[in-house]
Every structure is written in structure tokens, then in C-alpha cells.
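User: I'm new to this one. Can you walk me through the cavities?
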Amino acid sequence: MHKALLAALLAVAFFVPQSSSRAAEGPALPAQAWSFKGAFGTYDRAAVRRGLQVYREVCAACHSLNLVAFRHLGDVGFQEAEIKAVAEAYKVKDGPDDAGDMFERAGRPSDYFPAPFANTKAARASNGGALPPDLSLMTKARKQGPDYVYALLTGFKAPPAGFSLMAGMNYNEHFPGRQIAMAPPLAEGALTFADGTQSSVSQMARDVTTFLSWTAEPEMEARKRLGVKVLLFLLVLTGLLYALKRAIWQKLH
Amino acid sequence: MSKPTWTNPVVRWIDYRLPVFTFANEQLIEYPTPKNLNYWWNFGSLAGIVLVIMIATGIFLAMHYTPHVSLAFASVERIMRDVNYGWLIRYIHMNGASFFFICVYIHLFRGLYYGSYKSPRELLWIIGVLIILTMMATAFMGYVLPWGQMSFWGATVITNLFSAIPVVGQSIVSWLWGGFSVDNPTLNRFFSLHYLLPFIIFALVFLHLWALHAHHSSNPVGIDMKGPQDSIPFHPYYTVKDAFGLGVLMLVLLGFVFFAPNFFGEPDNYIEANPLVTPTHIVPEWYLLPFYAILRAIPNKLLGVIAMFGSILILVLVPWLDTSRVRSARFRPVYRVFFWVFLLDCIVLGYVGANPPEGYFITVGQLATFWYFFHFVIVLPLVGWLERPRPLPDSISASVMAGKGKEAGHA
């Protein structure tokens, strides 16, 4: 009985603080069926590609991706030539050269995604005072991150009657305070996917969320793969140790 | 204890000059241990192993980490992304901290349940309390190093506690910060101390073990070993039992590392520290939540700080607050009930600490804080005086023979 009681108490002790530490703000986030969920989940490669396209053609206008280098794309199935092509599409500031001048050159795989603004002041000045956050870690930096990003991108609505929306703000029930400076970024057919997929708002939101989940946790696939092996090994080892313990203690009884 | 004669000439040569082999034989192999320890006794050695894991992973993290306010966050992300298996090392270190506290808290509550702190083990217990205090300081400073939002604001809130000290409070806070806010000097010294303190913990653990080995382990029935029939050598019996326990711990710890590495963390700490933006709820790591709840339960800041530190320091007095002559709660029907109530109280405090101080959380937090101190100051001495303990068995050996079935169920 003690054992059961203690187990229950421990369960409460460890699980409760997590779920309760943020008072619910807005409606609950609907849980989406992500390809990368679960112990064997992986990033849907096609979705990552489409997500990169959404980031480059939509998000990148305002949001940086400072922690991600072009070469990292190799981890999610991009070939070297493709990575080079993505990198070369960007102008990167380099220097100083031998004359002491800074110069621009085409991006290389070793470069990081260039930020759209030179600094946070410039970013605020171009966005009505609001700072578009860096997206590299976004899905890790929010509770239920991927579900949150998806809900936010698809959650723009007309404000309910009586809601006073500040000038330049947009109503989004999943954003804390329900008003967000970002205008609805995704519109039906805003871009043409290279693989011919219909570019509905939910499709684009889903794909860019998959892409951003990869940028937040690029190690996830390697981590889960290694984890399965390690836990299987430990399970066998611990089983053997238990048998050994029983055998050795047998002599006492 | 038989003095071994070493057959290997090299071993004999060394042992004559520096008797490490004799020492290891006495303290790790033949070391007489009560034969009736249950699995709750595993958590001391598990905590020790987690300490070693923390030091080992920490040394490698320090090779790649940069303690500077403008570089710290990015250097941690570099570890996660570009250092070979950096994510593994960091996630083990991050989750290892939580598991260190899980092991130590279970170890502590085991001591409370079985009265392990009673004579002659008072110093052993007090050294344990010092270890927990040092662990908390170490963990707090370690949490600051990634320089996320919770790192920064947690550091600001906790260091500000010292400003409650009358007259010199504000000066002490500036001295701790090395400036007028949490900034680069703070981060630098926290890094330095975070590297130093684990070795202090290590030294304290050594003293803890020294004191333990002076009078040997207590045990679930709480009576002393009276002869060879009550004890078994540490090796192979407890080495194999500890090895099995370690396997189970690793399964759970690495389960989190590989499949839910951020379970114990706050998402806000993946946002780089920004002194201009305060997070909605500043919460410490889960293992500090009960103490955070005690701090906030008392409306007066100074008294709150005193209560918070007092809630840990009062553990030092437990060997004298508990007036019962019987160690184990197994023979103390009244104390046993209060033990579970106290454990529940600590969990309630943790729950309250995780939530914003609003509405009924305030009342619940204050009641739970009251009970926390009431338990130590009133319940422990009174129950010790008034309770009629059940009769103790004649010896460990007798209790093992009598309660074979029960023993297995209890473990």
C-alpha cells in the first residue's frame, strides 16, 4: 500500500508543476498529428522543404533564423548542390578585404541565414515598434511549441464585439493578450510550392511549423535513434543485473 | 575484520607504503552492512553516482561554453548544434540536475521515515543538510549560465532576496552582482562558482561517507547490528544491488534525456535573456518550488527570506527535535501518519510554488508553510513524547526471519 501511495505522490509531485505553471491564456491548443511526434517520429522531409520555402518567401521578410546555417540543411536530406543553391541566393556581408573594405558576396553553405534587419532597432522601426522574434528556437520556447505556432498562424480572426483592439494590432486568440502586431502572414495561394502541393493556409502553417521544429531541435532524429538503442541495451543490462542480484542474494535466504 | 595478505608483490609493495588496497577491502568489500536494507537505501549511492555524472558532463560543457552575456546563449546553442554529441552531454547535465535532486530528496525522506538521523548519526545527517544547501546553490547558478529569460530573471529574483537584510541588504546585493544589476560580472562569477561548488559537494560527500562508515548504515527496523549474524559484507551483496538500482535509474534518466529532454525545463529559457522584458511568471526549477512557496507565503520580505532559509536549516535540528527513542517509523504508528502528511505538505508547497500567488493559492501556501514548521517544531517533539511505539524485534536477524514475506513486499 505504501508503495502505491508513494508512487502516486511522486507522480503528482513531478507532473503537476509542469502542467500548472502557466495559467491558461486563451483557448486550449489543439494537439496536431506531427510527423516528428512520438519515440520514433521523424521530420517529414517534404514538409521541411515546403516549410523552408514558406520561411524564405514569407517569414524571412521580418524574422531572422540566426542559429541555423545553410550546411545544417544536410541533416534533413538536402543534397550538397541544393544547399549551395539555397546559400547562393543570399547576399552575405564579409570582410574586411585586403584594402580594409567590407564587401558583399554570395552565400556559402557555412554561412548562417542572414537576418532581415541589421539590428533590433531597425527591426522595430520597420514593424511599427514591434520586434519580430528570431524563429530558430520558437517551437522550443513556447509551451506545446509546434501546436502553438500552428494555432497562432491559423488563429487570426475578427475580434469579438466589444474587444478593443489597439491601432496596428491584429486579433489572435492564441497570442497572450489576444492582440499581436504581426498581420496574418499566410494567405490562400500566397506562394506556389515547388512540389505542386496546394498552398492553403493550414498547409503552409503545418509545413513551416515542421521546418521550425527542425530548426529548434535539429538533433531530434539522431537523439531518438540513439535513445532506442541505449534504452534497449539498458533494459537487457538491468534485467541481467536483477537476475544476478537474485542469484547472489539467494545464498542468504 | 580479517587483514588480507596480498599475494601480488606489486600490490603488497604499494599496500605496505600506502594501504589503499587494505582500505578499499575494509570499506568497500568486507564493510559490514545490515542485511535488511530495502531499496530505499539505494538512493544515497545513486545520488553519489549522479554527482560524478554531473561533474564529468560539466567539465566537457565548460570546454565549449562562453561565460559572457552576449555569447553565453549562442555558445549553449552551439553545443546543441555543432559540438559532436553536445546535445547529449548538455541534456544529460540538464536532466541529471533534476535526477540528482530526485535521488537526494528520496534519500532525505528515507532518513526522515526511518529515523536515520538519530544518535550516533547526527553529524552524518547535518553534513547531508549541508550537501543539499550546496547543491541548491550550485543548481541555481548552473541554471543562470545558459542566459535564457528564466536564467536572468530567476537570478534577479533570488539575488534580490538578500536586499531584505536590514541596513546592508542593498550593498550585499550589489556585491553579489558585481554591479548594479545582474550582468556580465554576475554571469562570470556564477560560472566560476558553479565549477567550484561541485568539488565542495564532493568533499562533503567524502565526510558524509566517513561519518557513515564510523557507525555503519542504519536500517529499516532501526536497531543496531549486534553481531555477524545481522550483517553481510558490502560486496557482493550491496554492490550488485546498487548496480541493479543504477540500471533502473539510468533507464529513467536516459528515457528523459532521449525522449523528453525538456520535460523539467521552462520553455522561456530558450528565449535569450532580455533585461527589458519580464516573463509573465518567474518560476525556479521544480526542485526549489516548495521553498519558493514558503518565501512567498509570508507577506513580509525579510521574514519570508528567513522562513525560506529556515525551512532548510531547521533540518539540522531534527535529531534533537525528534524526541522518540525509536528510530524507525515502522514501529511508530503515530509518527508514520505525520510523516506521510508532511510529505504531502511538501508536495502541496511545490504545487503552490509553481503557480502565481493569486486567489486560493495564497491561503493554501500559507497553511502549508505553517504545517511545514509545525511538523518540525511541535509534531516531532510531542509525538516522540506521547506516542507508544510498537515493540522492537530482538535483532535485525530476528526481524528478517520473522517478517520474510512482509520484507519482500515492503521493498
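User: Which helices of chain B each supply at least two residues of the lining of the largest cavity?
Analyst: Helix H3 (43–64), helix H4 (72–81), helix H5 (86–114), helix H6 (122–144) and helix H9 (184–215) of chain B. Helices are DSSP runs (H or I, at least four residues), numbered from the N terminus. This is a predicted model; local features need pLDDT of at least 70, side-chain atom pairs count only at pLDDT 80 or more, and totals for chains, interfaces and linings use all residues. Residues are numbered from 1 along each chain as its sequence is written, and chains are lettered from A in the order in which they are written.

User: Which helix gives the most?
Analyst: H5(B), with 8 residues. The lining has 40 residues; B:Met54, B:His93, B:Met94, B:Gly142 and B:His194 lie nearest the centre.

User: What counts as a cavity?
Analyst: On a 1 Å grid over the protein atoms alone, a set of points where a 1.4 Å probe fits but cannot get out; lining residues have an atom within 4 Å of a point.

User: What volume does the largest have?
Analyst: About 810 Å³. Volume here is the space filled by probe spheres set on the points, with grid points joined across faces, edges and corners.

User: How many cavities of 30 Å³ or more are there?
Analyst: The search of the whole structure finds 5.

Methods. Side-chain values use heavy atoms; hydrogens and water are left out. On a 1 Å grid over the protein atoms alone, a cavity is a set of points where a 1.4 Å probe fits but cannot get out, and a pocket is an open set with protein on both sides within 12 Å along at least five of seven lines; lining residues have an atom within 4 Å of a point.
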